[in-house]
Amino acid sequence: MNKRDLIEKIAVENNITKVKAEAMVNAVFSTIVDELKSGEVVKVPKFGSFVVKTRKQRVAVIPNTEKRVLVPSYRIAGFRPAKNLKDQVK
């Protein structure tokens, strides 16, 4: 399922237009992104939590040249599924 399929399914299940469904989906996604940018955790009960993880600085080796390069620390988005979601997917 991609974003277009999700929008269509929401529109059909809720008897609304695709335009309204797309606005709702975009609002949810942009809110999650904004909260993660500010370092907040987004918890959705019985679904999971969107979190920001920080990867530590490390030294990597380029295989072709055996050259060592420093990879700086960076932040990455992560998702931790809730127990309820894990149980439903089994």
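1. Lys 46 counts as exposed, because its relative accessibility is 66% (buried means under 20% relative accessible area, exposed over 50%, and partly exposed in between, with a 1.4 Å probe and protein chains only). Lys 46 is found in the loop between E1 and E2. Although Lys 46 is not a glycine, it has a positive phi of about 65 degrees.

2. A word on the source. This is a predicted model, in which local features need pLDDT of at least 70 and side-chain atom pairs count only at pLDDT 80 or more, while totals for chains, interfaces and linings use all residues. Residues are numbered from 1 along each chain as its sequence is written, and side-chain values use heavy atoms, with hydrogens and water left out.

3. The chain has 3 helices and 5 strands. Read from the N terminus, the order of the elements is α-α-β-β-β-β-β-α. Helices (H or I, at least four residues) and strands (E, at least two) are DSSP runs, numbered from the N terminus.

4. The overall dimensions deserve a comment. The chain has a radius of gyration of 19 Å, whereas a compact globule of 90 residues would have one near 12 Å. This radius is taken over C-alpha atoms, and the globule rule is 2.2 Å times the number of residues to the power 0.38. Along the principal axes, the C-alpha atoms fill a box of roughly 60 × 30 × 30 Å. Ile 62 and Ile 16 give an example of a separation in the chain: they are 46 residues apart in sequence, and their C-alpha atoms are separated by 52 Å.

5. Of the 90 residues in the chain, buried residues make up 16%. The chain exposes about 7600 Å², and carbon and sulfur atoms supply 55% of that area. Accessible areas come from the Shrake-Rupley method with a 1.4 Å probe; for residues, only the protein chains shown count as cover.

6. On charge, the chain has 19 positive and 9 negative side chains. Lys and Arg count as positive and Asp and Glu as negative, while His and the chain ends are not counted. The centres of the two sets lie 8 Å apart, with the place of a charge taken as NZ of Lys, CZ of Arg, CG of Asp or CD of Glu.

7. The structure holds 2 aromatic pairs. Rings of Phe, Tyr and Trp (its six-membered ring) pair if their centres lie within 6.5 Å; planes under 30 degrees apart count as stacked, over 60 as edge-to-face and the rest as tilted. Phe 47 lies in the loop between strand E1 (42-44) and strand E2 (48-55), and Phe 79 in strand E5 (residues 74-81), so the pair ties together parts that are 32 residues apart in sequence.

8. Phe 79 is partly exposed, at 32% relative accessibility. Its ring also pairs with that of Phe 50: the centres are 4.9 Å apart and the planes at 50 degrees, so this pair is tilted. Phe 50 is in strand E2 and Phe 79 in strand E5, 29 residues apart, and the pair links distant parts of the chain. Phe 50 is partly exposed, with a relative accessible area of 21%, and Phe 47 is partly exposed at 36%.

9. Ser 49 is found in strand E2. Ser 49 is buried, because its relative accessible area is 15%. Leaving aside neighbours within four places in sequence, Ser 49 is in contact (heavy atoms within 4.5 Å) with Val 41, Val 42, Lys 43, Gly 78, Phe 79 and Arg 80.

10. Which residues does Ile 62 contact, leaving aside its neighbours within four places in sequence? They are Lys 67 and Val 69. Ile 62 lies in strand E3 (residues 58-62) and is partly exposed, with a relative accessible area of 35%.

11. Val 71 lies in strand E4 (residues 67-71). With neighbours within four places in sequence left aside, Val 71 is in contact with Gln 57, Arg 58 and Ala 60. The C-alpha atoms of Val 71 and Ala 60 are separated by 6.7 Å, and the two residues are 11 apart along the chain.

12. Asn 15 lies in the loop between helix H1 (3-14) and helix H2 (18-37). Asn 15 is not a glycine, yet has a positive phi of about 55 degrees. Asn 15 counts as exposed, at 73% relative accessibility.
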